[in-house]
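Grab a pencil and work through these exercises with the picture open beside you. Try each task yourself before you read its solution.

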Amino acid sequence: MKSIQAEFEKLSKKITIKKGAKEEDWVSVCEKFNDDVSRICDVVDQQDYTGLFECCDDDNKRFFYLVKEDKNLYRVKHRHFLDNLGLK
């Protein structure tokens with residue numbers, strides 16, 4: 001799955017792709033933020049991107065990413081759910 005860093009204005013719900021941002025692999029982004037990611041909302045007007053996610057670093061600084069979701073997202077979520085239960 002592909003993702004790109006975005007800017008999100010909470011009050012107006014405006015989403016824009018961050019200037020100079022390059023497309024990144026979503027799994028790599030999740031690993032960079034130690035899987036501290038959560039889905040904010042659906043996206044319908046940003047190219048092929050389908051969801052907006054919030055990522056937090058170790059200092060709880062928030063970063064937003066637009067993600068082109070596909071069936072692999074379910075597999076990634078399921079894998080981490082089982083890891084959290086201790087069932088690799």
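## Exercise 1: Cysteines

Find out how many disulfides there are in this predicted model.

*Solution.* The count comes to zero disulfides. Start with Cys-55: its nearest cysteine sulfur belongs to Cys-30 and sits 6.3 Å away, and Cys-55 is in no disulfide. Next, take Cys-56. The closest cysteine sulfur to its own is the one in Cys-55, at 7.6 Å, and that's too far for a bond.

## Exercise 2: The order of the elements

Work out which pattern of helices and strands the protein chain follows along the sequence.

*Solution.* First, count the elements: there are six strands and two helices. Then read along the sequence, and you get β-β-β-α-β-β-β-α. Strand 6 (residues 62-67) has the highest mean pLDDT among them, 95, while helix 2 (residues 71-85) has the lowest, 55. Over the protein chain the average is 83, with 80% of the residues scoring at least 70.

## Exercise 3: A glutamine and its contacts

Decide whether Gln-5 is buried or exposed, and list which residues it touches, leaving out those up to four places away in sequence.

*Solution.* Begin by locating Gln-5: it's in strand 1 (residues 2-9). Its relative accessibility is 16%, and buried means under 20%, so Gln-5 counts as buried. Now for the contacts: Gln-5 touches Ile-17, Lys-18 and Ala-21, plus Phe-63, Phe-64 and Tyr-65. To put the burial in context, 31% of the 88 residues in the protein chain count as buried.

## Exercise 4: Two positive phi angles

Say where Lys-13 and Asp-35 lie, and what the phi of Lys-13 and of Asp-35 is.

*Solution.* Here's the background: most residues other than glycine have a negative phi. Lys-13 isn't a glycine, yet its phi is positive, about 65°. You'll find Lys-13 in the loop between strand 1 and strand 2 (14-17), and with a relative accessible area of 59% it is exposed. Now do Asp-35, which also isn't a glycine and has a positive phi of about 60°. Asp-35 belongs to the loop between helix 1 (26-32) and strand 4 (37-42). At 35% relative accessibility, Asp-35 counts as partly exposed.

Key
Residues are numbered from 1 along each chain as its sequence is written. This is a predicted model: local features need pLDDT of at least 70, side-chain atom pairs count only at pLDDT 80 or more; totals for chains, interfaces and linings use all residues. Side-chain values use heavy atoms; hydrogens and water are left out. Helices (H or I, at least four residues) and strands (E, at least two) are DSSP runs, numbered from the N terminus. Buried means under 20% relative accessible area, exposed over 50%, partly exposed in between (1.4 Å probe, protein chains only). pLDDT is the predictor's confidence in each residue, from 0 to 100. A disulfide is a pair of cysteine sulfur atoms within 2.5 Å. Contact means heavy atoms within 4.5 Å.
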